[in-house]
Amino acid sequence: MLIVARVPAAFNRAALNIRLTIRRDPAGQGIADLSMDLSKSSLLAGLSQRLQFLGARTSVIAQNIANSDTPDYVARDLAPSAFDARVGAALRVSDPRHLQANGAAGASVKTHLAPDGEASLSGNQVSIETQMMKLSETRMEYGLASSIYRKSVELMRLAVRGGR
Amino acid sequence: MDDLTSALSASASGMRAQAGRIRIVAENIANANSTPVAPGLEPYRRQVPVFASFLDKKAEATLVTLTRVELDPTAFTVRHDPAHPAADAEGNVLVANVNPLIEMMDLREAQRSYEANLGALDQVRSMAAATLRILE
């Protein structure tokens, strides 16, 4: 019995894609491939999607802060529903050897305009205070999701080590 | 480019633009008392930074840039100083159209925006650190 554990080199943000493949080759019976893909676990998949969403939202907020003095710039925001569409847009795969892409790569996110209160004389509609508040909120949620992710991976490791 | 890196690029562009603005404000303050060298010439004219947002394809983010610097068309200050080499027939000298009070306010606003970008950068960095801790 040959046991191969491999961790893909491409570490796609939080999508820790640990794959455990067990190959058996009893004489003349061919190779049976029993693989376990951690990214298929609904908890980890959900958390990694959440982390991706929060990362994308952080990017949008950082762009708002950078443009807080640009004339006619209106603040933008990202809704979780808009992000679901992006994650769903994955490459179609008809063979396991095809390239796997989880939609997040290359697809654009649909942001919506979210002006903060009144416009200034230059037509700019960004309030740094509101954006900083949104940013710290996103940062806290990101911390929460990544801690839960870490704890679940730790639990799995504990199970693999047999409680030691 | 992933989202956290785009966020870093956006914050960096904001800091760069605000630093450019601070430089222009500093030039204005430095030249607040500039006068022409001879009568009939113009003194220093106040500079006004103009920001514009643009979509950066590489960073996949709407960045900000200091597109151009315009000259303030308001009238120069006139000071009566007959002894000055640049004084005209009536003894008046043109002085730069810079109001130090306005410049100080502009400087304060630029500083505040710069700090906001720096704060955003710090938050993004701590998020990236949280992601890396998953590996521990």
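Q: Does Glu60(B) count as buried, exposed or partly exposed?
A: In this predicted model, the relative accessibility of Glu60(B) is 47%. Buried would need a value under 20% and exposed one over 50%. Glu60(B) therefore counts as partly exposed.

Q: What is the phi of Glu60(B), which is not a glycine?
A: Most residues other than glycine have a negative phi. Glu60(B) sits in the loop between strand 1 and strand 2 (61–71) of chain B. Its phi is positive although Glu60(B) is not a glycine, at about 55°.

Q: Where in chain A does Asp72(A) lie?
A: Asp72(A) is another residue other than glycine with a positive phi, near 65°. With a relative accessible area of 61%, Asp72(A) is exposed, because exposed means over 50%. Its place is the loop between helix 1 and strand 4 (76–77) of chain A.

Q: Is His84(B) buried or exposed?
A: His84(B) belongs to the loop between strand 3 (77–80) and strand 4 (92–95) of chain B. Its relative accessibility is 17%. The limit for buried is under 20%, so His84(B) counts as buried.

Q: Which residues is His84(B) in contact with, leaving aside its neighbours within four places in sequence?
A: His84(B) is a loop residue of chain B. With the neighbours within four places in sequence set aside, its contacts are Thr35(B), Pro36(B), Arg79(B) and Val93(B).

Q: How are helix 1 of chain A and helix 1 of chain B arranged relative to each other?
A: Helix 1 (residues 42–66) of chain A packs against helix 1 (residues 3–30) of chain B with the axes 8 Å apart. The angle between them is about 10°. Since angles under 35 degrees count as roughly parallel, the two helices are roughly parallel to each other.

Q: How many nonpolar, polar and charged residues has the contact of helix 1 of chain A with helix 1 of chain B?
A: Chain A contributes residues including Gln52(A), Gly55(A) and Ala66(A). Among those from chain B are Asp3(B), Leu4(B) and Gly14(B). By class, the contact has six nonpolar, nine polar and one charged.

Q: Which residues lie nearest the centre of the second largest pocket?
A: This pocket holds about 650 Å³ of space. Helix 3 (128–160) of chain A, and strand 1 (47–56) and helix 2 (100–133) of chain B, each give at least two residues to its lining. The lining divides into eight nonpolar, seven polar and nine charged residues. Of the 24 lining residues, those nearest the centre are Asp69(A), Ser120(A), Ser122(A), Arg21(B) and Glu109(B).

Key:
Residues numbered from 1 in each chain as written. Chains lettered and ligands numbered in written order. Predicted model: local features only at pLDDT ≥ 70, side-chain atom pairs only at ≥ 80, totals over all residues. Heavy atoms only, no water. 1 Å grid on protein atoms, 1.4 Å probe; cavity = no way out; pocket = protein on both sides within 12 Å on 5 of 7 lines; lining within 4 Å. Points joined across faces, edges and corners; volume = space filled by probe spheres on them. Helix = DSSP H or I, 4+ residues; strand = E, 2+ residues; numbered from the N terminus. Nonpolar A, V, L, I, M, F, W, Y, C, P; charged D, E, K, R; others polar. Axes fitted to C-alpha atoms, helices over the stretch in contact; angles between N-to-C directions. Parallel < 35°, antiparallel > 145°, perpendicular 65-115°, else oblique. Contact = heavy atoms within 4.5 Å. Buried < 20%, exposed > 50% of the residue type's maximum accessible area, 1.4 Å probe, protein only.
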